[in-house]
Amino acid sequence: MSEIETRIEDAMRRHRAGDVDGAVADLSEALRREPRNVYAHNLLGFIHQSRTGDFDKAVGHFEMVVAESPDKRQKAYALTQIGSILFADKNDAETALERYEQAYKIYPLSQTCYVTSSLHHLLRNHDDALR
């Protein structure tokens, strides 16, 4: 296991134990050494979204995952998380919908399909909700 992988594993253990600051420190150090590590960015995005409430940082990390990850599921997950933040925390349903649609095009997940359809209904785009 590489030093970066060890840092990420340590961060996950700390996060599960409730040590959010320690997890963020480990992941930040991993990114200092390997700035494009999508696993560290994904986990930091999740931590900032769910634990610290720093939604701007969360979106930044998830955007890095979208830009750098070769894994379609990982990209779709990151886009879905960005959409959730934009919709629920930033009150930006239109841009959230764009992110959900991008996620669906990359990897058609059923949850993304339902969320996209629901947002179309909320925005009164009934014809688009049916596609």
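How many residues does H1 have, and what distance does H1 reach from its first C-alpha to its last? In this predicted model, H1 comprises 14 residues and reaches 20 Å between its first and last C-alpha, which is close to the 20 Å expected at 1.5 Å a residue. The buried residues of this helix are Ile4, Ile8, Ala11 and His15. Seen down the axis of H1, these buried residues fall within an arc of 55 degrees, so they line one face of the helix. The cover over the buried residues of H1 includes H2 and H3. Just after H1, a positive phi of about 95 degrees is taken by Gly18.

The largest nonpolar core of the model consists of 13 residues, and those with the most contacts inside this core are Ile8, Leu27, Ala40 and Ile47. Two or more residues are given to the core by each of helix H1 (3–16), helix H2 (20–33) and helix H3 (38–52), with the largest share, six residues, coming from H2. When neighbours within four places in sequence are left aside, Leu27 is in contact with Ile8 and Ala11, both of which are among the buried residues of H1, and also with Ala40, Leu43, Leu44 and Ile47. Apart from the core to which H1, H2 and H3 contribute lies another core, of ten residues, which includes Val59, Phe62, Val65 and Ala96.

Definitions and conventions. Residues are numbered from 1 along each chain as its sequence is written. This is a predicted model: local features need pLDDT of at least 70, side-chain atom pairs count only at pLDDT 80 or more; totals for chains, interfaces and linings use all residues. Side-chain values use heavy atoms; hydrogens and water are left out. A nonpolar core is a set of buried Ala, Val, Leu, Ile, Met, Phe, Trp, Tyr and Cys residues joined through side-chain atoms within 4.5 Å. Buried means under 20% relative accessible area, exposed over 50%, partly exposed in between (1.4 Å probe, protein chains only). Contact means heavy atoms within 4.5 Å. The expected span of a helix is 1.5 Å times one less than its number of residues. The arc is that of the directions from the helix axis to the C-beta atoms.
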